[in-house]
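Subject: Structure handover

Hello,

Here is the structure for you to look over.

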Amino acid sequence: MNIQNENGYLEDEGDNEAPIELQEYLAEDCLKLDGLNDAIVGVTSLGYLVYDYEKIIEVFMKEPSNMEHDEAIEFTEYNVIGLEGNGNWVIMKNRDYYV
């Protein structure tokens with residue numbers, strides 16, 4: 001379950017770990033994006049989490065954020081894509097094209 005902090009950002013409750021079924025595949029320096037477990041679609045061969053761009057948008061359109069589609073896109077572009085992850089996660093766009 002996700003909660004919204006005092007700054008309006010989503011955070012995972014508890015110890016903020018990646019889904020248990022993926023943990024054995026993750027690199028030691030793997031970074032996880034808070035509140036976006038529902039957008040995780042896999043792990044790279046280097047052990048970094050892969051997030052689906054459209055699923056990220058969907059997360060922000062649900063409670064507690066309840067953003068409109070355009071608002072969720074803008075928020076994602078600035079606050080997620082704009083993060084400096086040093087290559088420790090991947091955000092995949094146009095997933096349907098590759099699946």
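A definition to start with: two strands pair if DSSP finds at least two bridges between them. Helices (H or I, at least four residues) and strands (E, at least two) are DSSP runs, numbered from the N terminus.

Two points on the source. This is a predicted model: local features need pLDDT of at least 70, side-chain atom pairs count only at pLDDT 80 or more, and totals for chains, interfaces and linings use all residues. Residues are numbered from 1 along each chain as its sequence is written, and side-chain values use heavy atoms, with hydrogens and water left out.

**Overall layout**

The chain has three helices and five strands. From the N terminus on, the order is β-β-β-β-α-α-β-α. Of the 99 residues in the chain, 34% are buried. Buried means under 20% relative accessible area, exposed over 50%, and partly exposed in between (1.4 Å probe, protein chains only). Contact here means heavy atoms within 4.5 Å. Take the contacts between residues at least 6 apart in sequence: 37% of them join residues at least 24 apart.

**The sheet**

Three strands form an open sheet, in the order S3-S4-S5. The pairing is mixed. S3 and strand S5 (89-92) stand at the edges with a single partner strand each, so one side of each has no neighbour in the sheet. On average, neighbouring strands are turned by 25 degrees against each other, direction ignored. For such angles, axes are lines fitted to C-alpha atoms, for helices over the stretch in contact, and angles run from 0 to 180 degrees between N-to-C directions.

Strand S3 (residues 40-43) and S4 run antiparallel, joined by three bridges. Ile40 has Tyr51 in S4 as its bridge partner. S3 and S4 form a hairpin, with five residues between them. Gly47 in that turn has a positive phi of about 90 degrees.

S4 and S5 pair in the parallel sense, over four bridges. Leu49 stands opposite Trp89 in S5. H1 packs on the sheet and touches S3, S4 and S5. The direction of H1 makes about 70 degrees with that of S4.

Tyr25 sits in the loop between strand S2 (10-12) and S3. Leaving aside neighbours within four places in sequence, Tyr25 is in contact with Val43 and Gly47. Tyr25 and Val43 are 18 residues apart in sequence, and 7.2 Å apart in space, C-alpha to C-alpha.

**The core**

Which residues have the most contacts inside the largest nonpolar core? They are Leu33, Leu36, Leu49, Tyr51, Ile56, Phe60 and Val80, in a core of 20 residues. Strand S4 (49-52), H1 and H2 each supply at least two residues of this core. H1 gives the most, with five. A nonpolar core is a set of buried Ala, Val, Leu, Ile, Met, Phe, Trp, Tyr and Cys residues joined through side-chain atoms within 4.5 Å.

Leu33 is in contact with Tyr51, Val80, Leu83 and Trp89, leaving aside its neighbours within four places in sequence. Thr76 lies in helix H2. Thr76 counts as buried, at 0% relative accessibility. Not counting residues up to four places away in sequence, Thr76 touches Tyr53, Ile56, Ile57, Phe60 and Ile81.

**Aromatic rings**

A search of the whole structure finds one aromatic pair. Phe60 and Phe75 form this pair, edge-to-face, at 4.8 Å centre to centre and 70 degrees between the planes. Phe60 lies in helix H1 and Phe75 in helix H2, so the pair ties together parts that are 15 residues apart in sequence. Phe60 and Phe75 are buried. Cut-offs: rings of Phe, Tyr and Trp (its six-membered ring) pair if their centres lie within 6.5 Å; planes under 30 degrees apart count as stacked, over 60 as edge-to-face and the rest as tilted.

Lys93 lies over the face of Tyr53, at 4.6 Å from the ring centre. The test is NZ of Lys or CZ of Arg within 6 Å of the ring centre and within 35 degrees of the ring normal.

**The loop between the helices**

Pro64 is in the loop between helix H1 (53-61) and helix H2 (69-81). A cis peptide bond joins Glu63 and Pro64, with omega about 10 degrees. Asn66 is in the loop between H1 and H2. Its phi is near 50 degrees, a positive value in a residue other than glycine. Asn66 is partly exposed, with a relative accessible area of 46%.

Best wishes
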